[in-house]
Amino acid sequence: MKRVLLFLVMLMIPMQLEAGTRINMGEFKLTFFCPCEICSEDFGHETSSGKIARSEHTIAVDPAVIDIGSRVLIDGIIYTAEDTGGGVNGDHIDIFVESHEETLRRGVQYTNVWVVRGDEYGE
Ligand SMILES: [Zn+2]
């Protein structure tokens, strides 16, 4: 019986590694920015990492809290940390959206976020 259990455990370990992991980062303040002059400070779709900002993809983070290049799960969407901002400090994420109207509509929110590692949500 012990042998069978050991065999099952050995089978499950690589499956867990492949499934990827989510690291609970706790509650973050979410704000929204768009390519307009006011929100992007004239950077438009340009990000500090050199990537072109895309909606439902690009977020700005405090790199002291979340590494640039990290994938971050927020409300069911996997974003990529590819920008920083003077006003983005600590537990605060600025989410890129295409229109200024959307930044106003979505306002300021607070929600739990996860950093995703591994293949579970591979692009
Ligand atoms: Zn704007």
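The exercises treat strand pairing and then the nonpolar core.

The model is predicted, so local features need pLDDT of at least 70 and side-chain atom pairs count only at pLDDT 80 or more, while totals for chains, interfaces and linings use all residues. Residues are numbered from 1 along each chain as its sequence is written.

**Exercise 1.** Determine in which order the six strands close into a barrel.

Solution. Strands are DSSP runs of E with at least two residues, numbered from the N terminus, and two of them pair if DSSP finds at least two bridges between them. Strand S1 (residues 21-33) pairs with S6 (residues 109-117) in the antiparallel sense over nine bridges, and Thr21 has Arg117 as its bridge partner. S1 also runs parallel to S5 (residues 92-96), to which five bridges join it, with Phe33 opposite Phe96. S3 (residues 71-74) and S4 are antiparallel and joined by four bridges, and here Leu73 stands opposite Ile78. The closed order is S1-S5-S2-S4-S3-S6, with mixed pairing.

**Exercise 2.** Find how many residues the largest nonpolar core has, and which elements give two or more residues to this core.

Solution. Such a core is a set of buried Ala, Val, Leu, Ile, Met, Phe, Trp, Tyr and Cys residues joined through C-beta atoms within 7 Å, where buried means that 20 or more other C-beta atoms, placed from the backbone, lie within 10 Å of the residue's own. The largest one has 17 residues, and those with the most contacts inside it include Ile59, Val72 and Ile95. Two or more residues come from each of S1, S2 (58-60), S4 (77-83) and S5.

How values were computed. Buried ≥ 20, exposed ≤ 12 C-beta atoms within 10 Å, placed from the backbone.
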